[in-house]
Amino acid sequence: MISAWQRPPAYGWAIAGACVYLSGGFMVTAVFNIPLNKALDQLPLDAPESHDEWARYLRLWTRWNHLRTAACILACVLLTLGLA
């Protein structure tokens, strides 16, 4: 095992990239997007309230998806810096 003072200088970037990916990419999907998908799946297709729920779903899911995308891009940048 490499001790703390023997790690490459860019090691912190790699750790930060992994943390950003796990929290912003994976956790957003697991905590927000998947439950929204499951709730939408339970809606009856022809019910009038389904239209309002679909509009709510689209707004929330898109917001969380944009956050997930930005987090994954940031994670890629941080992991690339960690390779240096």
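Biologist: Which residues is Asn33 in contact with, leaving aside its neighbours within four places in sequence?
Modeller: Asn33 is in contact with Val28, Trp61, Trp64, Asn65 and Arg68. Contact here means heavy atoms within 4.5 Å. Keep in mind that this is a predicted model, where local features need pLDDT of at least 70, side-chain atom pairs count only at pLDDT 80 or more, and totals for chains, interfaces and linings use all residues. Residues are numbered from 1 along each chain as its sequence is written, and side-chain values use heavy atoms, with hydrogens and water left out.

Biologist: Where is Asn33 found, and is Asn33 buried or exposed?
Modeller: Asn33 is found in helix α1. Its relative accessibility is 1%, so Asn33 counts as buried. The cut-offs: buried is under 20% relative accessible area, exposed is over 50%, and partly exposed is in between, with a 1.4 Å probe and protein chains only. Helices are DSSP runs of H or I with at least four residues, strands are runs of E with at least two, and both are numbered from the N terminus.

Biologist: What about Val28, what does that one touch?
Modeller: Not counting residues up to four places away in sequence, Val28 touches Ser23, Asn33, Trp64, Leu67 and Arg68. Val28 is also found in helix α1, and it counts as buried because its relative accessibility is 5%. Its C-alpha atom is separated by 19 Å from that of Ile15, 13 residues apart along the chain.

Biologist: And Trp64, which residues does it touch?
Modeller: Trp64 touches Val28, Phe32, Asn33 and Leu36, again not counting residues up to four places away in sequence. Trp64 lies in helix α2. With a relative accessible area of 23%, Trp64 is partly exposed.

Biologist: How far apart are the end C-alpha atoms of α1?
Modeller: They are 42 Å apart; α1 has 31 residues (11-41), which should span 45 Å at 1.5 Å a residue, so the two agree. The expected span is 1.5 Å times one less than the number of residues. For α2, with 35 residues, the reach from first C-alpha to last is 51 Å, close to the 51 Å expected.

Biologist: Where is the kink in α1 centred?
Modeller: The kink is centred on Thr29 and is about 45°. The bend at a residue is the angle between axes fitted to the seven residues ending there and the seven starting there.

Biologist: New topic, charges. How many salt bridges does the count come to?
Modeller: The count comes to 1 salt bridge, where the rule is a side-chain nitrogen of Lys or Arg within 4 Å of a carboxyl oxygen of Asp or Glu. The side chains of Arg56 and Glu53 meet in it, at 2.9 Å from N to O. Side chains of opposite charge can pair when their charged atoms come close. Arg56 and Glu53 are 3 residues apart in helix α2, so about one helical turn separates them.

Biologist: How accessible are Arg56 and Glu53?
Modeller: Arg56 counts as partly exposed at 36% relative accessibility. Glu53 is partly exposed too, with a relative accessible area of 24%.

Biologist: Last one: which residues make the nonpolar surface patch?
Modeller: Tyr21, Leu22, Phe26, Met27, Val31 and Phe32 make a patch of about 570 Å². Patches take residues with over 30% relative accessible area and no salt bridge, joining like charges within 9 Å and nonpolar side chains (Val, Leu, Ile, Met, Phe, Trp, Tyr) within 5 Å. Areas come from the Shrake-Rupley method with a 1.4 Å probe, and for residues only the protein chains shown count as cover. Phe32 is found in helix α1 and counts as partly exposed at 32% relative accessibility.
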